[in-house]
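Reader: I am new to this structure and would like to learn how to read its features one at a time. Could you take me through some of them slowly?

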Amino acid sequence: MIPDRPDLAAALAAPPLTNLVRAGGEMFNWSDRTGPRNALLGHLVAESSGPGRTVLIAGPHPAELVAALAAGGAEVTWALRSLADAERAAGAHPAITVVSGAFGKIDLTPGYDLVVATDGVRRLNSAEGEQLSTGELLDRLAGALRPGGTLILMHDNQLGVHHTVRLDPGSRFRDDAAWHPDEADAGPPSRAHLTAHLTGAGLAIDAAYAAFPEPGAPAVLVGGDALGDVGSPSRPWLATVLAQAYTTAFRGRPVLSDPRKLIGRALRAGAEDTVAGGWLVVARAPGAGDRPRHRHDVLVGDVNGVYAVGADGPRMLAPTEESYEIHGLRRVEVIQPVAGYQWEERLLELCAAADVRGLRQEIARYESWLGAGPVAGPEALADFSGIGVTGDGPVVLSARWEPAEPLPADLVLVRTLWQFAVRLITWGRPHPWPITASAADLAAILVGMAGRSLTDEELRSAIDLQVAIDGAEFGLDQAGLQAQRLALLAVRPGTAPVDVAGYHELTEALWRQRYEAGHLLAMMEWNEQMIQSRDAALSRMDWELQLLRRGWGARGIMLAKRAYKKVKK
């Protein structure tokens, strides 16, 4: 984006920036936008940093991340191609050395203990300087390390789901950050190629993760034995966590298709590495002072902290913030990668097979799991997609909220079944009751299978609870809460998903609406034909009655007519 017109008087009165170095090839009328600090990337960078270590930040990164490194006692150098961004960073962080210019012109001697390039390498080249290839940029990053130094690099996957579902026309011409000098030079095409290139540059690979959902803001990192292992017992939990991550990242964004469906199919095929948003590599230059290796299979991060999941189970790596309450809900973090299957997948299979008996058994099992008394903890808010079924019974796989006060079991049951009904309708999944007027009608059928009746008050309370969950999860204001409530009340056959509405899902919803409209028109035409037929029969009967009332002659004619019909038969 083009920066605002500078205030010349203020610029002349401002003190000189002694911590700004212009290396040449700066981009003047330019600015690279960056998002907020990512908890997962921030933890990995902080884990490799420390007091007295020299750190090179290559490319645009969140200012909070750079400031945190400097506050931790590290000697930080920040390389930016935009002169306006460099001046702004130098003024805001006087303890940091900011270098502006093309990355190929920056002096990287005598080397650094830590090189951070979690924005990738594509925004290191400058339009005002020599265009280095991706391989040359990777070599420069690797060569900037001192013996024993660490490189943390994120590389964008051009086949990633975030690129596949993107629906943002004109972004390349509208956003500065979308400009790249050579689209054909995308760099290593896979995680294996990336690690092989860095190994060829003399580095040892400590860890290589597939990042989801997007390289700029990863929420889940999968590596080690968990990547591509379709037989892993934690696979259902991983599917739940990735679905939550993509819901949060793509809520309200225009997309071609729902990314949760694509990543779900990739998980079942063991191909999540191929369609990941990017690949995060932690590499090390051989030498004295080697840092400990990263041995985590899965890393999960959000605003509250970072968690690692391995063979020994989940454990917290970074301390969480103090729990807080909003809309009557309390923030928690539940991670239980247990062996079993996802309950929602089982219910969807039963619905597709029209197995009403099996559905009734599963719903009765869920009702028994909830119990008769008030339900507390994450179980009260977990839907079927976040519950796994193990040999020891159901267990919550992943949850982010729990009620501040226990909720009635009836309310929890109605909310979960209604939410499943919404999923069936908005996702266009087959079920035994295709002719239903709304999600409320389908929810009433499901609640009836539990031997209960559904009242309007119970349904309203269930929807209000779901609105409170959405409001807490996505930070909705009063207008957003009201809009979400109206959208949930209006769910009926032909309604697109209310969270991530992709073009494919909108087209599918339009087809269902046309199908329903065509079905209604056919029923109207049939009803009109039946009405016309009955009107004609009633007219003949009325004529006969009127004729019979006129006298004996008319009666004789009618008797003769009936006799003729009998003889003819």
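This is a predicted model: local features need pLDDT of at least 70, side-chain atom pairs count only at pLDDT 80 or more; totals for chains, interfaces and linings use all residues.

Reader: How do H13 and H14 lie relative to each other?

Author: One looks at the distance between the axes and at the angle between them. The axes of H13 and H14, the latter spanning residues 439–449, come within 8 Å and cross at roughly 130°. Angles of 65 to 115 degrees count as roughly perpendicular and those over 145 as roughly antiparallel, and H13 and H14 are therefore oblique to each other. The crossing of H13 past H14 is right-handed.

Reader: Why do the residues that point the same way in a helix lie three or four places apart?

Author: The general idea is that an α-helix has 3.6 residues a turn, so residues at that spacing point the same way. With this in mind, consider another helix that meets H13: from H11, Glu344, Leu347, Leu348 and Cys351 touch Phe420, Arg423 and Leu424 of H13. By class, this contact of H11 with H13 holds five nonpolar, no polar and two charged residues. The axes of H11 (residues 343–352) and H13 (residues 409–426) come within 12 Å and cross at roughly 60°, which makes H11 oblique to H13. This crossing, too, is right-handed.

Reader: Which residues of helix H4 are buried, and against what do they pack?

Author: To answer this, one looks for residues with under 20% relative accessible area. In H4, which covers residues 83–92, the buried residues are Leu83, Ala84, Asp85, Ala86, Ala89 and Ala90, and they pack against the strands S1 (20–24), S3 (75–80) and S4 (97–101).

Reader: Is Arg235 buried or exposed?

Author: Arg235, which is found in helix H9 (residues 235–250), has a relative accessibility of 9% and so counts as buried. Leaving aside neighbours within four places in sequence, Arg235 is in contact with Ala226, Gly228, Asp229, Val230, Leu267, Gly270 and Glu272. Asp470, in helix H15 (residues 456–474), is likewise buried, with a relative accessible area of 9%. Beyond neighbours within four places in sequence, the contacts of Asp470 are Gly475, Leu476, Gln484 and Leu488.

Reader: Where should I look for cis peptide bonds, and what is their omega?

Author: The angle omega describes the peptide bond itself, and there are two bonds to inspect here. The bond from Thr109 to Pro110 is cis, with omega near 5°, and Pro110 lies in the loop between S4 and S5. A cis bond also joins Phe212 and Pro213, with omega about -5°, and Pro213 belongs to the loop between S7 and S8.

Reader: What is the phi of His327, and what is that of Ala354?

Author: His327 has a positive phi of about 55° although it is not a glycine, and this residue sits in the loop between S13 and S14, partly exposed at a relative accessible area of 35%. Ala354, also not a glycine, has a positive phi near 55°; Ala354 is found in the loop between H11 and H12 and is partly exposed, with a relative accessible area of 45%.

Note on methods:
Residues are numbered from 1 along each chain as its sequence is written. Side-chain values use heavy atoms; hydrogens and water are left out. Axes are lines fitted to C-alpha atoms, for helices over the stretch in contact, and angles run from 0 to 180 degrees between N-to-C directions. Helices (H or I, at least four residues) and strands (E, at least two) are DSSP runs, numbered from the N terminus. Angles under 35 degrees count as roughly parallel, over 145 as roughly antiparallel, 65 to 115 as roughly perpendicular and the rest as oblique. A crossing is left-handed if the near helix is turned anticlockwise from the far one by less than a right angle, and right-handed if clockwise. Contact means heavy atoms within 4.5 Å. Ala, Val, Leu, Ile, Met, Phe, Trp, Tyr, Cys and Pro count as nonpolar, Asp, Glu, Lys and Arg as charged, and the others, Gly among them, as polar. Buried means under 20% relative accessible area, exposed over 50%, partly exposed in between (1.4 Å probe, protein chains only).
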